[in-house]
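Let's take a walk through a protein model together, one step at a time. Keep the picture open beside you as you read.

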Amino acid sequence: MNANPLQISLFAEVAGAYAAAPCGVLDNESLYATVAERIGTTLEAMDMRTPIGRAGVPRSTAKRKIRWYQQTLKQLGVIEHAGERGVWRLSENAGKDLHRAASGIKLVAFSTELGIAIWGNHQDVFRQINEPIALCISSPPYPLRKARAYGGPNEGQYVDFICEALEPIVRSLIPGGSIVLNLSGDVFEPKKPSRSLYLERLVLALNDRLGLALMDRIPWVNYSKPPSPTYWACVNRVQLTTAYEPLYWFTNDPDRVRSDNRRVLEAHTAQHQRLMASGGDGRNAVYGDGAYRIRPDSFGRVTAGRIPRNVIERGHVCSDTAAYRRHAKAMGLPTHGAMQPTTIPDFFIRLLTQPDDLVVDPFGGTVKTGLAAERLGRRWLVTEWMLEYLRGASEMFCEFAGFSMHECMMAI
């Protein structure tokens, strides 16, 4: 990956200065000195003044920028005034609530030899990425009437929101690269038991605006889902309870799509293994007016496995989710309210990419996409705008080669 778009900003050095300070307390002069040392310059160089504003008053632009980032940390709730003029400290409750990255902030929260997790808005990051992307797999915020703690667009905003998020990623997608979206089928028209058509509108918009071809709609069947929609199924008894979420698979070039179902073959059933061992079915039969024919040697060829159906059956219980929850609880962090099992991104990464390909996720959450990619030897880049989710997820990457976490994460 090109380094420039991913360099830690001055904001990260300001945040790291507080994280490294004794008791998290710094006066402004100490802050300037610490940041100067961290970026490899001197206080004298940092104090160089240039005329500012109409009056042309000489000011240090570097110190002004540091104070601006200091105020950003204050607004995020990461630091607070220590009671003395020009003295700030890490908030006692920093990390107990969700801290969303301010516009323009891009902090490398943690990384490995294969991947990077960035605290920041996906638009700020992916607009600067020039690296070829093989796969984007993501579970964006759903357009729910009552948004989860991490927020999200409403139904009327949703099509524009997703198209704008994917536009810079599509621009970097290699020919035949793919985009997989885990969306919600449980969105209803206001005060009606009829389902919203937002999914259909989104599919058409992704084709019309971004030129993406729809490869498949794959139901993720999860029989352990709580019964919903509660009002229309459990109270009014109009609807059936939902047991699946749709997974949409798109590509920018169906003629060159890079999928290979041999990479996701499943084990044959015991019955099919017996058929192969015996040399075939042994019958000679015709069904469906000739559309389907069985010959004596049918199913006799020994194959490595069976091709998966385009339905994924998975519960939401996942050992990685359980581990993430344990880590978050131990650190007093809020946990993410909607997590898919790691087996979902694992399946599509195997189907749609090869080792060393770049896999991205603009709505990283607990970085399950990065975790699956890391285990499969793919490079990865994930963005997430809630700092606490990244801090909890970082514990899942500690054992991977080259793991590094930014100092400011230590204070969360």
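At what angle do helix α6 and helix α7 pack, and how far apart are their axes? Keep in mind as you look that this model is predicted. Two packed helices are described by the angle between their axes and by the distance between those axes. Here α6, which covers residues 155–172, packs against α7, residues 198–210, at an angle of about 35°, and the axes are 10 Å apart. The two helices make a right-handed crossing. On the α6 side, the contact includes Tyr 158, Val 159, Ile 162 and Leu 166, while residues of α7 that take part include Leu 202, Ala 205, Leu 206 and Arg 209. Sorted by class, the residues of this contact are eleven nonpolar and five charged, with no polar ones.

Now let's visit another pair of helices. Helix α11 (residues 343–352) packs with helix α12 (residues 368–375) at an angle of about 50°, and their axes are 8 Å apart. Because of that angle, α11 counts as oblique to α12. The crossing of α11 past α12 is right-handed. To find the meeting place, look for Pro 345, Asp 346 and Ile 349 in α11, which meet Lys 368, Thr 369, Ala 372 and Ala 373 in α12. The classes in this contact are four nonpolar, one polar and two charged residues.

Is Ile 312 buried or exposed? Its relative accessible area is 4%, and buried means under 20%, so Ile 312 is buried. Which residues surround it? Setting aside neighbours within four places in sequence, Ile 312 is in contact with Ile 218, Pro 219, Trp 220, Val 221, Leu 247, Ile 344, Phe 347 and Phe 348.

What about the cysteines? The structure holds zero disulfides. Cys 234 is partly exposed, at 32% relative accessibility, and Cys 398 is also partly exposed, with a relative accessible area of 32%.

Finally, step back to see the whole chain. You can count 14 helices and 17 strands in it. Of its 412 residues, 49% count as buried. Among contacts with a separation of 6 or more, 67% join residues 24 or more positions apart.

Terms used: Residues numbered from 1 in each chain as written. Predicted model: local features only at pLDDT ≥ 70, side-chain atom pairs only at ≥ 80, totals over all residues. Heavy atoms only, no water. Buried < 20%, exposed > 50% of the residue type's maximum accessible area, 1.4 Å probe, protein only. Contact = heavy atoms within 4.5 Å. Disulfide = S-S within 2.5 Å. Axes fitted to C-alpha atoms, helices over the stretch in contact; angles between N-to-C directions. Helix = DSSP H or I, 4+ residues; strand = E, 2+ residues; numbered from the N terminus. Parallel < 35°, antiparallel > 145°, perpendicular 65-115°, else oblique. Left-handed = near helix turned anticlockwise from the far one by under 90°. Nonpolar A, V, L, I, M, F, W, Y, C, P; charged D, E, K, R; others polar.
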